[in-house]
Amino acid sequence: MSSSDRSVIIVGAGIIGLTTAFRLARRGYRVTILDPAPAMGATHAAAGMLAPSGEIAPGDEENYRYQQGALSAWRAVAHELAELTGHELSITQTGTLIVGWDGGDRRLIEQFRGVAEHFGAPLRTVTRDEEPEMFRGITTRLREGLFMSEDAWLDPDAAVAQLLEANQCLSVRLIEERVTEVLARTNGVPVRSASGVTEADWGIVATGAAGLPPGLREPSSAHVRPVRGVTVRARGIDRHDAPTVRAFLRGRAFYMVSRPGGYCVLGATAEEKAEPLVEVGELQRLLRDGLDIVPELEAATFLEVRNGLRPATADLRPFVAEIPGAGWTWTSGHYRHGVTVAPLAALDALEALDRR
Ligand SMILES: Cc1cc2nc3c(=O)[nH]c(=O)nc-3n(C[C@H](O)[C@H](O)[C@H](O)COP(=O)(O)OP(=O)(O)OC[C@H]3O[C@@H](n4cnc5c(N)ncnc54)[C@H](O)[C@@H]3O)c2cc1C
């Protein structure tokens with residue numbers, strides 16, 4: 001059977017479902033995607049950092065290497081999107097500047113540096129005296145930092161808008177309904193939603209932290225749990241041509257991504273909680289950290305708070321798993337890096353489907 005003879009249902013239109021739909025439709029699969037609120041899950045909260053270096057974690061070189069491939073994969077997707085929609089998806093490689101608030105935080109940076117050097121990540125120490133532009137807007141208390149040049153960012157809202165438009169050009173059918181049940185069948189993958197039953201040859205679940213819809217059983221190899229995160233959006237500080245700021249302060253992590261026109265995303269909290277809401281204390285800590293690191297935020301205009309549930313696995317790595325005895329593949333566990341690795345996850349899902 002060639003790809004064009006094969007139909008696929010994708011459950012979930014977050015960044016993973018949308019890029020997967022795009023990749024499959026480009027390959028010639030006939031794709032239907034179901035989601036009651038496309039791209040309003042974790043994708044909506046994401047800051048859009050493509051930061052393999054800034055996200056380095058001890059013992060996780062494999063994840064770092066995987067994420068390193070993401071920037072060129074996104075550039076390839078951006079090129080394909082522009083061909084279809086006529087708009088450029090901008091990907092900005094500013095690097096990341098990491099600063100530490102006090103002695104304890106600076107020790108955390110030294111530990112981070114040791115791991116990053118071991119992985120061979122490009123980095124150098126920078127000082128405010130030598131490179132004042134890098135420190136623009138950052139409290140004068142901080143005079144030194146670690147610059148990681150390979151990191152970049154994109155605007156997830158723009159990426160989603162372009163993927164939705166491109167998918168429409170590729171005749172991907174979008175049904176804005178929740179899948180309430182996956183029906184048992186030996187051939188094909190029927191799913192029930194409010195308007196009835198939709199069928200296809202194969203199915204992909206891309207529901208992020210929501211896990212499998214009713215009717216599918218988790219394979220023993222895969223499980224996700226939600227880790228809630230909050231980002232704050234404000235306008236007033238334009239650092240879009242300067243590195244993304246990351247800070248360790250009082251043992252916590254803070255970042256600020258800045259886009260043209262002074263649009264800033266401050267992030268992010270991490271709570272092992274499943275309720276999609278914003279706690280006052282959580283928001284207060286994030287704002288206080290932001291004001292300490294970037295005092296000019298005092299006069300910035302507050303725009304909104306977004307929250308999302310990151311899909312986390314026990315080892316914090318993503319997976320593509322087959323559901324035994326069914327025509328379903330499950331892709332999830334992208335945790336803090338779903339936007340970064342979305343084009344790679346889409347290729348992994350395509351390979352899994354091609355193998356079937
Ligand atoms: C605060 C925060 C900041 C982040 N910042 C970054 C960042 O800077 N860079 C980065 O790379 N990553 C970041 N992430 C991580 C990233 O957002 C996630 O890894 C990514 O969005 C996961 O994408 P997803 O498509 O799997 O899940 P989601 O975006 O959650 O999408 C899942 C979709 O499935 C739908 N769904 C669920 N159940 C059903 C059902 N039964 N039927 C139909 N549809 C269903 C939902 O409506 C939703 O739209 C951040 C996350 C958070 C929370």
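Domain bounds in this account come from an automatic or database domain assignment. The structure is a predicted model. In that model, the assignment gives domain 1, made of residues 3-88 + 155-224 + 314-355, and domain 2, made of residues 96-149 + 225-312. The centres of domain 1 and domain 2, taken over C-alpha atoms, are separated by 28 Å. To the contact, domain 1 gives 32 residues and domain 2 gives 26 residues.

A ligand is present in the model, and 38 residues surround the ligand. Because domain 1 and domain 2 both give residues to this shell, the ligand lies between them. The closest residues are Asp35, Thr43, Tyr335, Arg336 and Thr340. By residue class, the shell divides into 20 nonpolar, 14 polar and four charged residues.

For aspartate 35, a polar side-chain atom lies 2.6 Å from an oxygen atom of the ligand. Arginine 336 takes part through the backbone, where an N or O atom lies 2.8 Å from a nitrogen atom of the ligand. In arginine 178 the side chain is involved, with an N or O atom 3.4 Å from a nitrogen atom of the ligand. On its own the ligand has 1000 Å² of accessible area, and the protein covers 95% of this area. Two or more residues of the shell come from each of the elements α1 (15-27), α2 (42-45), β13 (225-235), β17 (301-312) and α8 (338-355).

Tyrosine 335, one of the closest residues to the ligand, is placed in the loop between β19 (328-332) and α8. Its relative accessible area is 16%, which is under the 20% limit, so tyrosine 335 counts as buried. The phi angle of tyrosine 335 is near 45°, a positive value in a residue other than glycine. Most residues other than glycine have a negative phi. A second case is arginine 250, which is not a glycine either and has a positive phi of about 50°. Arginine 250 also belongs to a loop, the one between β14 (244-249) and β15 (252-259). With a relative accessibility of 35%, arginine 250 is classed as partly exposed.

Two further arginines are located in strands. Arginine 228 is part of strand β13, and β13 is among the elements that give two or more residues to the shell around the ligand. The relative accessible area of arginine 228 is 0%, so the residue is buried. Beyond its neighbours within four places in sequence, arginine 228 is in contact with Thr269, Ala270, Glu271, Lys273, Glu275, Leu277, Glu279, Glu282, Gly308, Leu309 and Arg310.

Arginine 259 is found in strand β15. This residue is buried as well, at a relative accessible area of 6%. A polar atom of the arginine 259 side chain lies 3.0 Å from the backbone oxygen of alanine 47. Residues up to four places away in sequence aside, arginine 259 touches Ala47, Trp153, Leu154, Asp155, Pro156, Asp238, His240 and Val265.

Serine 221 and aspartate 238 are 17 residues apart in sequence, and their C-alpha atoms are 45 Å apart. Serine 221 lies in the loop between β12 (202-205) and β13. At 62% relative accessibility, above the 50% limit, serine 221 counts as exposed. The loop between β12 and β13 also holds serine 220, which is exposed with a relative accessible area of 83%. From serine 220 to isoleucine 323 there are 103 residues in sequence but 9.5 Å in space, C-alpha to C-alpha.

Leucine 84 gives another such pair. The residue is placed in helix α4 (residues 70-85), and its relative accessibility of 26% makes it partly exposed. Leucine 84 and asparagine 167 are separated by 83 residues in sequence, while the distance between their C-alpha atoms is 9.2 Å. Not counting residues up to four places away in sequence, leucine 84 touches Phe22, Arg26, Ala166, Cys169 and Leu170.

Key: Residues numbered from 1 in each chain as written. Predicted model: local features only at pLDDT ≥ 70, side-chain atom pairs only at ≥ 80, totals over all residues. Heavy atoms only, no water. Helix = DSSP H or I, 4+ residues; strand = E, 2+ residues; numbered from the N terminus. Buried < 20%, exposed > 50% of the residue type's maximum accessible area, 1.4 Å probe, protein only. Contact = heavy atoms within 4.5 Å. Near = heavy atom within 4 Å. Polar contact = N/O pair within 3.5 Å; in protein donor to acceptor, adjacent residues only side chain to side chain. Areas by Shrake-Rupley, 256 points an atom, 1.4 Å probe, with all protein chains shown as cover. Nonpolar A, V, L, I, M, F, W, Y, C, P; charged D, E, K, R; others polar.
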